[in-house]
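Subject: Structure handover

Hello,

Here is the structure you asked about, with notes on what was found in it. Please read the notes with the model open.

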Amino acid sequence: FDDPNTTVANMLEHMKRARMTVDYPPQKVKQGYGEAVCVVLSMLCDAALAKQGFRVTAPVYPTDNYPEEAPVDEEEEVSADIADTVAAQEDDDDDEDELYTVAQGKGKQQDEAREKI
């Protein structure tokens, strides 16, 4: 295998000959990770694609055929049932909490202990 320092120096020299300027020191490229390596790889990929005549164009998106607003049923009645449903769910949550504390052997015993304090 070749010396890593020599390999990086040769690679950067060839990039300079190809008019690709790299603004990073060879030590950063030699690390094998980080911004310097990503920039060098991006430059090399761009040059390879350009040499093959590959062109990137803006994507063409299909038109949306969706209506601007969702259809609304004008005949449907609006009522306060939602408020009643939410209140009922909150009561159920309180009952579940009470059952959990009783099942854990707490509940009344804890309440009595708190009252003594």
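Helices here are DSSP runs of H or I that hold at least four residues, and they are numbered from the N terminus. Read that way, the protein chain follows the pattern α-α-α-α-α along the sequence. The count is 5 helices and 0 strands.

Confidence

The model is predicted. The mean pLDDT of the protein chain is 79, and 63% of its residues reach 70 or more. Confidence is highest in α3, at a mean of 94. The lowest value belongs to helix α5 (residues 108-116), with a mean of 57.

Burial and the core

Of the 117 residues in the protein chain, 9% are buried. In soluble globular proteins, nonpolar side chains tend to be buried together. The largest nonpolar core in this model has 9 residues: V8, L12, M15, M20, V22, V29, A36, V40 and M43. Two elements, α1 (4-17) and α3 (35-51), each give two or more residues to this core.

Helix α1

α1 has 14 residues and spans 20 Å from its first C-alpha to its last, close to the 20 Å expected at 1.5 Å a residue. Its buried residues are V8, L12 and M15. Seen down the axis of α1, these fall within an arc of 55 degrees, so they line one face of the helix. Both α2 and α3 are among the elements that cover them.

The loop after α1

R19 follows α1 and lies in the loop between α1 and α2 (26-30). Its phi is positive, about 65 degrees, although R19 is not a glycine. Is R19 buried or exposed? With a relative accessible area of 79%, R19 is exposed, because the cut-off for that class is over 50%.

Helix α3

α3 has 17 residues, and the distance from its first C-alpha to its last is 24 Å, close to the 24 Å expected at 1.5 Å a residue. Which residues of α3 are buried? They are A36, V37, V40 and M43. These cover an arc of only 130 degrees around the axis, which puts them on the same side of α3. They pack against α1 and α2. The face of α3 turned away from this buried side carries the exposed residues E35 and C38. After α3 comes G53, which has a positive phi near 85 degrees.

Cysteines

The structure holds 0 disulfides. C38 has a relative accessibility of 51% and therefore counts as exposed, since exposed means over 50%. C45 has a relative accessible area of 46%, so C45 is partly exposed; that class runs between the 20% limit for buried and the 50% limit for exposed.

Regards

Conventions: Residues are numbered from 1 along each chain as its sequence is written. This is a predicted model: local features need pLDDT of at least 70, side-chain atom pairs count only at pLDDT 80 or more; totals for chains, interfaces and linings use all residues. Side-chain values use heavy atoms; hydrogens and water are left out. A nonpolar core is a set of buried Ala, Val, Leu, Ile, Met, Phe, Trp, Tyr and Cys residues joined through side-chain atoms within 4.5 Å. Buried means under 20% relative accessible area, exposed over 50%, partly exposed in between (1.4 Å probe, protein chains only). A disulfide is a pair of cysteine sulfur atoms within 2.5 Å. pLDDT is the predictor's confidence in each residue, from 0 to 100. The expected span of a helix is 1.5 Å times one less than its number of residues. The arc is that of the directions from the helix axis to the C-beta atoms. Contact means heavy atoms within 4.5 Å.
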